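Here is a short briefing on a pair of chains.

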Amino acid sequence: MSTTYDAMWEQLNLDLDAHAGLLQVLGKFYGDIYLSQSGRLQGMEYLDFVISEVHGLRIRELQEAKAAGRKIVGTFCVFVPEEIVLAADAIQVGLCAGAEAGKEAAEKVLPRNTCALIKSFVGFKLSRLCPYIESCDLVVGETTCDGKKKAYEIFADYTPVYVMEIPQMKQACDRDLWRAEMLRFKDKIEEVTEKTITPAKLQEAIRLVNSRRRVLQRLNQLRAAHPVPISGRDVLLANQISFYDDPVRFTDSIGKLCDELEQRVGAGQGVVPEETPRLMLSGCPMAIPNWKLPYVIESSGAVVVGEESCVGTRNTRDLVEENGATMDALIEALVDRYMRIDCACFTPNKERLDHIVEMARDLRVKGVIHYGLSFCQPYAIESFKVERALKAAGIPMLSIETDYGMEDVEQLKTRVEAFVEMVR
Amino acid sequence: MNDLSSVAGIDIGSRSIELVVFEGESLIRQVKAPTTFDPLAQCEKLMDGMSVKQIVATGYGRKLFADSFRDLKVTAITEIQAYALGARYLFPEARTVLDIGGQDTKVILLAPHGKVAKFEMNDRCAAGTGKFLEFMATALQIPLDEFGEFALRSDKRIQINSMCTVFAESEATSLMARGERPENIAMGLHLAIIQRTVAMLRRVGMEAPLVFAGGVAHNPCARKVLEEHLNASVIVPAEPDMVGAIGAALHGMGKGWGLKPTILHPAASN
């Protein structure tokens, strides 16, 4: 990557040498995993470009927006309602949590047996490697799991943090709690941005975010064709980029990608041979640049056709009712939609099991690979129930627990290959 | 040997490499060598100028092998598939296969018709594998191939709690410092690895009969303790570490599932 951004990165107080090293590794990683694929769609150039400018152009845009008085809000979870942030004319970005670059620094302030995602965001901050975190006026945490909950207390020593309380059950009182949290968040965003959120602005934001969800739904529908017209990795990338690129540009570009995909599907063209086993991923989120497992799967003679994950259908499945006329109605619509999220932090969480089985059937997959980050208790425990539900539906499942390190890639390959041999 | 109707299977594991050659339906050769730091040189030594119609590689080094011997017709399958095929061939009634190798423990549940139905492998570290026993034998200064017999001379059963190889060594050292008989410590170490293995067997929903393969199946103490814990007898092939190589060769011969059970027990051809 060029050095035209050095001054900006320096201003953001990044560790320039370490950051240059990170970009180099990321570039090589992306080349190996993405650019080496054959038969990619032209529309992927947009995503390639966004990745090549991941710490460059997009950060410059954020800086320019800040100079024009807009605020930047960083998040780590699909529970944080972007609609409220956008309604206050602020920009929301999903923060870097998919690489182990800052692991050593993170382990100075966190126990070693903390999940890789938490270590990653703390590490990025402590090692001054992430220009997104450094651009944020506010970082919004949430109480999805104990690890994150406690880590935000530590994170708050380094950057302004606001935490939303996520309910753990779905009873009437939990809904009340979540509505109160939604309103408290709205107040906080209004305070930080010094703007008032009007019903008209909120409705506009709801429509914008819905349109992004719709285009990702369309992508998911098209990629499910047979033969499979796009690699699972490419769709995962689109989902990952949806968290931080400009929503209007993203929706427009993915729309074009979908048009192209539609032609390919119409022509019956596949990106892999027809007999390639179709698999589905389920479980923990895969934040950029965590492409390890999808890459292992797709190098083992299978293709991924669905991601039951926060970086996947959990984020795009449900839309917000758009037509509320008052602030109350719009907030209620948001509460409705966000309470439908089937994160493993809920108990009980039967919806997730139903969704997984339904999705696996709709996608006609040969098997499901459940992905858990090491030390992520909610998903690890729930994986046993997922396996049972899938077994009852006659669908085999492989459970993989791993982190961002590369030392277990060979073992993972053996397991995944054996699973592919088994389901073929 | 220069027979182009023959098919070889090679299992390149972390500790040892096994090679078998089938000519027609007959197993005509089976050899073994340590893996060392140069597995490819060892493979070459084992192949010793032989030429075969095709080779199927399995084990940790399968990809390396396939990439390096490009002039041969090499395919690669996973150890899971290879052990399942090999065990089912040797014992058509087998429903579960246990392979404790150098750095992996694998448990494979077979469907009644013989296909792999489910499998489990140990996590990324070598806890509870052959490597663990090897490390502990060294710590107790007992040759590895005598370690099982040595443990069988124990007069009481002590619990070793650590499954991590490094922690278990500290635990063994403190037991020695307390004057515990080394035979009892050795038994405790065998118990630790078998308890972990039995938990894996339970997780896949083990069905009898169980075939116990892989290098550790040579160890009489491991076999005895396993049978005690399962309260059932297990089948140990005459050459338990050849099962993966045999399965690989069978794959190359196009022997899918449901083979004729008539053919050679490898011991008979030895």
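The points below cover the interface and the cysteines.

This is a predicted model, in which local features need pLDDT of at least 70, side-chain atom pairs count only at pLDDT 80 or more, and totals for chains, interfaces and linings use all residues. Residues are numbered from 1 along each chain as its sequence is written, chains are lettered from A and ligands numbered from 1 in the order in which they are written, and side-chain values use heavy atoms, without hydrogens and water.

**Interface**
- Chain B puts 17 residues in contact (heavy atoms within 4.5 Å) with 17 residues of chain A.
- About 1600 Å² is buried between chain B and chain A (accessible area lost on being put together, 1.4 Å probe, summed over both).
- Carbon and sulfur atoms give 48% of that area.

**Charged pairs**
- Chain B and chain A share three salt bridges (a side-chain nitrogen of Lys or Arg within 4 Å of a carboxyl oxygen of Asp or Glu).
- One of them joins A:Glu417 to B:Arg62, with the closest N and O atoms 2.9 Å apart.

**Cysteines**
- A disulfide is a covalent bond between the sulfur atoms of two cysteines.
- The count over all chains is zero disulfides (cysteine sulfur atoms within 2.5 Å).
- For A:Cys77, the nearest cysteine sulfur is that of A:Cys310, 6.3 Å away.
- For A:Cys145, the nearest cysteine sulfur is that of A:Cys115, 6.3 Å away.
- A:Cys145 is partly exposed, at 21%.

Key
Buried area is the accessible area (1.4 Å probe) that two parts lose on being put together, summed over both. Buried means under 20% relative accessible area, exposed over 50%, partly exposed in between (1.4 Å probe, protein chains only).
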